[in-house]
Amino acid sequence: MADPKTRLRPAKPERDEGLVFARYLDQAAEGFFGFMLGRQAASIIADAYAEPGHSLSYEHVVFAERDGVIVGMSLAYTSEQHREFSDEPLERAAGRAARRMKMTRLLLAPLWRILETVPEGDFYLQAIAVDPELRGAGIGSLLLEDAIERGTRNGSARLALDVAAKNDGARRLYARRGFSESSEWPSTRFVPTVFVRMTRTL
């Protein structure tokens, strides 16, 4: 059960919040953004976060707070919003690191295409993260329930997310919350599965 002092709120386009968001985002992505953007990843993401119209914008972020301190976040958006997204804010914020970002995307092109696929009618939960010392306090469940409500309000048919195949705990958690495994990547028996897409009807 979550602490009764925990509350959810929309994110604000402020740099300090952008830096907090960047930390949670990289945590949720298991270090991928740090790998893609280098040592300045947090600063780059914080700069892009304050701009509208892309997948890492404050517009799509909800923070969980406890006693006035941010303790978790979720990042989610509709398939319709996803179609309108531009990479320009992140590339502009990246500056010289934009070349590294493009090379990473090129090297991981097959994976990137899958992760960038949001089927029509889906509400996509790109990231959810909670302070490690507060896991098990119900904060992640609050954020997940909020994402379900947001997707329902937006008229989406399903809530979708991707989870690392090796993260058995998260897969079991999502299964208990009504999610089923709809696909995996890569979808071949010759290469170990890297991630699993899970969906829940809304």
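Trainee: Which residues is T104 in contact with, leaving aside its neighbours within four places in sequence?

Mentor: This is a predicted model, in which local features need pLDDT of at least 70, side-chain atom pairs count only at pLDDT 80 or more, and totals for chains, interfaces and linings use all residues. Residues are numbered from 1 along each chain as its sequence is written, and side-chain values use heavy atoms, with hydrogens and water left out. Contact means heavy atoms within 4.5 Å. Outside four places in sequence, T104 is in contact with F32, F35 and M36.

Trainee: Is T104 buried or exposed?

Mentor: T104 is found in helix 6; helices (H or I, at least four residues) and strands (E, at least two) are DSSP runs, numbered from the N terminus. Buried means under 20% relative accessible area, exposed over 50%, and partly exposed in between (1.4 Å probe, protein chains only). Because its relative accessibility is 7%, T104 counts as buried.

Trainee: Which residues touch the most other members of the largest nonpolar core?

Mentor: A nonpolar core is a set of buried Ala, Val, Leu, Ile, Met, Phe, Trp, Tyr and Cys residues joined through side-chain atoms within 4.5 Å. The largest one has 28 residues, and those touching the most other members are F21, L25, L37, F63 and M73.

Trainee: In strand 5, which residue is the bridge partner of L125?

Mentor: Two strands pair if DSSP finds at least two bridges between them. Strand 4 and strand 5 run parallel and are joined by four bridges. Within strand 5, L125 has as its bridge partner L161.

Trainee: How many residues apart in sequence are the parts tied together by E30 and K166?

Mentor: A salt bridge is a side-chain nitrogen of Lys or Arg within 4 Å of a carboxyl oxygen of Asp or Glu, and E30 and K166 form one, their closest N and O atoms being 3.9 Å apart. E30 lies in the loop between helix 1 and helix 2, and K166 in the loop between strand 5 and helix 9 (168–176), so the separation in sequence of the parts they tie together is 136 residues.
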